[in-house]
Structures are given as C-alpha cells and as structure tokens.
Amino acid sequence: MDFEGRDIVSIRDYNRVEVEHILEIAELMEPLTKSSSDMLKGKILANIFLEPSTRTRLSFEAAILRLGGSYISISEARVSAIEKGENLVDTIRVMENYVDIIILRHSLEGAARLAAEVAYIPIINAGSGAGEHPTQALLDLYTIKKEYGKIDGLNIAILGDLKYGRTTHSLAYALSLFKTTLYFVSPESLKMRGEVLEDVSKRVKVIETKDVPEIIPKIDVLYVTRMQKERFPDLEVYEKIKGTYRINRNSLRNAKRNMIVMHPLPRIDEIAPEVDQTPNSKYFKQVWYGLVTRMALLSLVLGAIK
Ligand code: NCD
C-alpha cells in the first residue's frame, strides 16, 4: 500500500483496507508520543487555517514535532496576504515552495479539493466548510477501535447538527466501511445531509430519529456534536434550536455499561460537565488518539512509513 504523496481531501478517497492500515500505523505511533523520533527530520509542514481551530492545528503541530519535523503556519487571514486579496490558489502555489505538506482549513466546501488539484505536494483537508473533516473521522475510528477492539458489529449514534457538522459527514462515510448500524439523531431541521444519507444507506443500516432516550439502551457509541452556530444562515433559528440536546448523567441511566460518549470538541453545552467523570466519557482521550492518528497520517503521506 502506498500512501506517499497522497492527498487526504475526503474520507471517501480511502477504502476499508487503507483505513485499517492507517489505524494500525496509529497504534505504532503511541510509544513515540512519549519518546519522540526523527522519522520526519528535515520535513516541514504548513498549517493554513482560515477558520478557528485549537485541536486540529495544534495536534498537527505536535505530531510533526514529535516526529522530528517542523512547521510554519498562517492562522489568521487578517495578518497574511489573503487579507490583501490573494486567492487560495496563489497562496497554495507560494506555500508549496516552502514546505513538504500543507494542512488546510477553509470555510468553503471545495477549498481542499481545489488546493489538492493545484498543489504538487500533499494537501490534508483539516475541515472544508460544512463539508468534510476526514482526519477527524480517522481519529474517531481509531478511538472506537481502541475502546472496543473492533468497529464491526457496533451500533453507533451520531447526534446533533448533522446538516452543518462536517465531522458527522466524514464519520458517517467512514463508519459505513464497517459492518455498523448507524443512528442519526437530530432536530428535524438539522437532519443528515441527503447525499450522505443516500450514500451510507447503500452499505449499512441507518435509522433517523429525534429521540435520545429511545436509542440509548441500544447503542455502543454516542457521538455528540455541537450546533454549528457560525454556519446557520439565520441566527434566530440557531437560538431556537441550540438547547435541543443536553446529555447528562441521567441521559446515560439506561445505557449499556461500556457505552462510550465521544465528541470532536469544542463542546458548548450539549454534554453536561458531570458526564466527564463517568467511565463512559472518552472525549478527552479522543484528543490523544487524534495526536497519534495524525502522526500516522504524516508519516505515511510523507513516505517515512509504508
Ligand atoms: C470540529 C470542526 O472543526 O469541524 N472541530 C474539530 O476539529 N475537532 C467540530 C466543531 O467545530 O464542532
């Protein structure tokens, strides 16, 4: 399997065998988070983040540093030439002279695909508008695999903003590569995007619902997401809908004993802080799984590992 030089724009560009290989390499990376390595010595990564981010940007920075490489970054359009009106294609054509790989977050859905088409170096999509967030989906799969030892056979609920939440789109695609049953839980107006629903329903069983208590006893994973306030065309609608779901200890009362609660973060108020102390909560561990998954992706795409 050869990952060297490949872009990661959509999770749909990868098949099950490739996804499983990435998860195996992530496991190999675990010890290196303590000891570091010079596997990517001399390699430079560019972070171009034109939307807010904490975890994704910092975890790519930490990942390349742990592997002996370094990074440069644009994290605010305001202080870069983009503010002067430079277009994305030009920015990419310039940046690729400086670095070996570009990590791009952009508010437009086609941005990462466009960047990948013009760049000679690999582009990793770190979030393209309301579209996709493939590396988040890979770390989500890795979390599930580590916590359960498998992904096949699990019942997984994805809850919250399934319309605008890019993590939910990539995760649904990714889970449909496995033998899973998916529950899409959302208010009526934030139901899973039609194109995603149609695609994943071809491979796995999908149940759409609004009702959390009804599904809680059936599921192995509860994946909670925030309402994507910044993507609502009408803030009044957001204000009406924002409190629809709040997972607290009581919501977990009828859950299977080893059911896990995940969240891509940031959390607003959709998971009560009291859940953090329960053995079910895995969202902070998920952050660490994200680091090792991104170390795996960088070492594969930059050709340090086959
Ligand atoms: C997510 C994103 O940017 O889509 N954040 C992340 O990368 N973990 C989720 C979100 O913003 O709700």
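I am working from a predicted model.

**Cavity**

I looked up the volume of the largest cavity and got about 50 Å³. I then listed its lining: Leu159, Gly160, Thr225, Arg226, Met227, Lys242, Tyr245, Asp269 and Glu270. I sorted these residues into 3 nonpolar, 2 polar and 4 charged.

**Pocket**

Next I turned to open space. The largest pocket holds about 390 Å³. I counted 21 lining residues. Arg105, Arg166, Arg226, Leu265 and Pro266 lie nearest the centre of this pocket. I noted Arg226 here, and Arg226 is also in the cavity lining. I checked which helices contribute: helix 3 (55-66) and helix 7 (166-175) each supply at least two lining residues. The pocket lining divides into 4 nonpolar, 10 polar and 7 charged residues.

**Salt bridges**

I then went through the charged pairs. Opposite charges on side chains can pair when the charged atoms come close. I found 23 salt bridges in the structure.

I looked at Glu18 and Arg6, whose closest N and O atoms are 2.8 Å apart in their salt bridge. Glu18 sits in helix 1 (residues 16-29) and Arg6 in the segment before helix 1, so this pair ties together parts 12 residues apart in sequence. Is Glu18 buried or exposed? I have Glu18 as buried, because its relative accessibility is 13% and the cut-off for buried is under 20%. Arg6 is partly exposed, at 24% relative accessible area.

I moved on to Lys256 and Asp220, a salt bridge with its closest N and O atoms 2.9 Å apart. This pair links distant parts of the chain, 36 residues apart. Lys256 is in the loop between helix 10 (235-241) and strand 9 (260-262). Asp220 is in the loop between helix 9 (212-215) and strand 8 (221-224). I noted Lys256 as partly exposed, with a relative accessible area of 31%. Asp220 counts as buried, at 7% relative accessibility.

My next pair was Arg267 and Asp276, with a salt bridge of 2.7 Å, N to O. Arg267 is partly exposed at 22% relative accessibility. Asp276 is partly exposed at 22% as well. I also recorded one network, in which salt bridges with shared partners join Asp2, Glu4 and Lys306.

**Surface patch**

Last, I checked the surface. Ile72, Val94 and Tyr98 make a nonpolar patch of about 250 Å². I placed Ile72 in strand 2 (residues 70-74). Ile72 is partly exposed, with a relative accessible area of 33%. I checked this against the patch cut-off, which is over 30%.

Methods: Residues numbered from 1 in each chain as written. Predicted model: local features only at pLDDT ≥ 70, side-chain atom pairs only at ≥ 80, totals over all residues. Heavy atoms only, no water. Patch = residues over 30% accessible without salt bridge, like charges linked within 9 Å, V, L, I, M, F, W, Y side chains within 5 Å. Areas by Shrake-Rupley, 256 points an atom, 1.4 Å probe, with all protein chains shown as cover. Salt bridge = Lys/Arg side-chain N within 4 Å of Asp/Glu carboxyl O. Helix = DSSP H or I, 4+ residues; strand = E, 2+ residues; numbered from the N terminus. Buried < 20%, exposed > 50% of the residue type's maximum accessible area, 1.4 Å probe, protein only. 1 Å grid on protein atoms, 1.4 Å probe; cavity = no way out; pocket = protein on both sides within 12 Å on 5 of 7 lines; lining within 4 Å. Points joined across faces, edges and corners; volume = space filled by probe spheres on them. Nonpolar A, V, L, I, M, F, W, Y, C, P; charged D, E, K, R; others polar.
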